[in-house]
Amino acid sequence: MNKLESVVVAKMKDLDSLCDAFSGCHAVFHTSSFIDPHGISGYSEQMAFLETEGARNVIEACGRAAYRRRCIFTSSLLASIWTSSNVDSVIDESCWSSEEFCRENKLWHALGKMRAEKIAWRKSKEMKVKLVTVCPGLLIDSSSPHDHKETSVPYLKGGSIMLRQGLLALADVGKVAEAHVRVYEAMDNGAYGRYLCFERVVQRLDEAIQLENELKIQGLLSAGTSRIISEEIQSNLSNSKLNRLLFAAPHMSCNQ
């Protein structure tokens with residue numbers, strides 16, 4: 001916090017306060033997410049609605065008040081993986097989770113992230129905001145893995161299915177932050193659209209059990225799974241678009 005030039009508090013529901021916060025900004029990084037730590041799963045259908053409305057307001061304010069209309073929007077891998085027919089297909093930035101499937105299975109966190117990102121894309125075209133989105137997997141901080149239970153449980157609803165289908169991807173929070181910056185720096189050099197962001201996919205049952213132990217959520221992923229521990233689960237997730245940008249784009253200062 002000591003390195004920040006200034007701190008401004010704004011309310012996601014208050015468009016005017018967001019405009020005040022964004023006034024003069026060269027870019028807006030929208031990383032906020034709604035979490036209800038007192039809820040059973042940490043995320044409800046109402047949270048999904050609030051997430052969508054917040055995204056709409058952020059893009060509107062960015063278009064109205066920012067010095068340069070640019071937004072780097074944090075979505076989620078959940079916005080891409082939940083359909084009823086993608087088991088054998090490559091899952092990349094062209095894929096979107098099915099709203100119907102999410103509602104039927106009460107995957108509210110996935111629904112909120114998917115709808116919020118879609119609203120952001122529609123609003124960005126209306127407001128002429130240059131938008132890119134980063135879609136991380138489950139955020140992990142290896143230095144303090146036990147601190148993330150409240151934010152991990154909503155993401156991991158349906159986690160045993162993710163595990164079996166090779167969709168349980170992990171993303172180090174520091175590297176996700178770096179990816180946001182690198183995407184922003186590359187916006188003048190061809191960065192566009194969506195970027196799936198993860199480091200690795202959990203492909204073994206013993207890895208899933210280790211993750212459960214780290215997050216203190218025993219059985220959430222492994223319960224009812226009959227796979228042999230040594231059997232590797234195949235994954236069709238692809239983050240090649242982000243990898244190409246990270247390895248090909250020159251690393252420039254944000255001030256350049």
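Biologist: Why is K106 called partly exposed?

Modeller: In this predicted model, K106 has a relative accessibility of 46%, and since the partly exposed class lies between the 20% limit for buried and the 50% limit for exposed, K106 therefore counts as partly exposed. The residue is found in the loop between α4 (99-104) and α5 (108-127).

Biologist: What makes the backbone of K106 worth a remark?

Modeller: K106 has a positive phi of about 55° although it is not a glycine. Most residues other than glycine have a negative phi. K128 also has a positive value, with phi near 55°, and is likewise a residue other than glycine.

Biologist: Why is K128 called exposed, and where does it lie?

Modeller: The relative accessible area of K128 is 64%, and because exposed means over 50%, K128 is classed as exposed. K128 lies in the loop between α5 and β3.

Biologist: How do you know how many disulfides there are?

Modeller: A disulfide requires a pair of cysteine sulfur atoms within 2.5 Å, and by this rule the count comes to 0. For C19, the nearest cysteine sulfur is that of C62, 9.7 Å away, so with a limit of 2.5 Å, C19 is in no disulfide.

Biologist: What makes the nonpolar surface patch, and why is L4 called partly exposed?

Modeller: The patch, of about 330 Å², is made by L4, V7 and V9. Patch residues need over 30% relative accessible area, and L4, at 48%, passes that limit while remaining between the 20% and 50% cut-offs, so L4 counts as partly exposed. In the chain, L4 has its place in the segment before α1 (15-22).

Biologist: What makes β4 (138-140) and β7 (200-201) edge strands?

Modeller: An open sheet is formed by 3 strands in the order β4-β5-β7, with mixed pairing. β4 and β7 each have a single partner strand, so one side of each is left without a neighbour in the sheet, and they stand at the edges.

Biologist: What joins β3 (residues 130-136) to β6, and why is β6 described as mostly covered?

Modeller: The two strands run parallel and are joined by 5 bridges, with C135 standing opposite L196 in β6. Strand β6 (residues 193-197) is described as mostly covered because 5 of its 5 residues are buried, each being under 20% relative accessible area.

Biologist: Why is L221 called buried, and which residues does it touch?

Modeller: L221 has a relative accessibility of 0%, which is under the 20% limit, and therefore counts as buried. Not counting residues up to four places away in sequence, L221 touches L156, G159, S160, L163, L168, A208, L211 and E212. L221 lies in the loop between α9 (205-215) and α10 (240-248), and although L221 and K157 are 64 residues apart in sequence, their C-alpha atoms are 9.1 Å apart in space.

Technical notes:
Residues numbered from 1 in each chain as written. Predicted model: local features only at pLDDT ≥ 70, side-chain atom pairs only at ≥ 80, totals over all residues. Heavy atoms only, no water. Buried < 20%, exposed > 50% of the residue type's maximum accessible area, 1.4 Å probe, protein only. Helix = DSSP H or I, 4+ residues; strand = E, 2+ residues; numbered from the N terminus. Pairing = 2+ DSSP bridges. Patch = residues over 30% accessible without salt bridge, like charges linked within 9 Å, V, L, I, M, F, W, Y side chains within 5 Å. Areas by Shrake-Rupley, 256 points an atom, 1.4 Å probe, with all protein chains shown as cover. Salt bridge = Lys/Arg side-chain N within 4 Å of Asp/Glu carboxyl O. Contact = heavy atoms within 4.5 Å.
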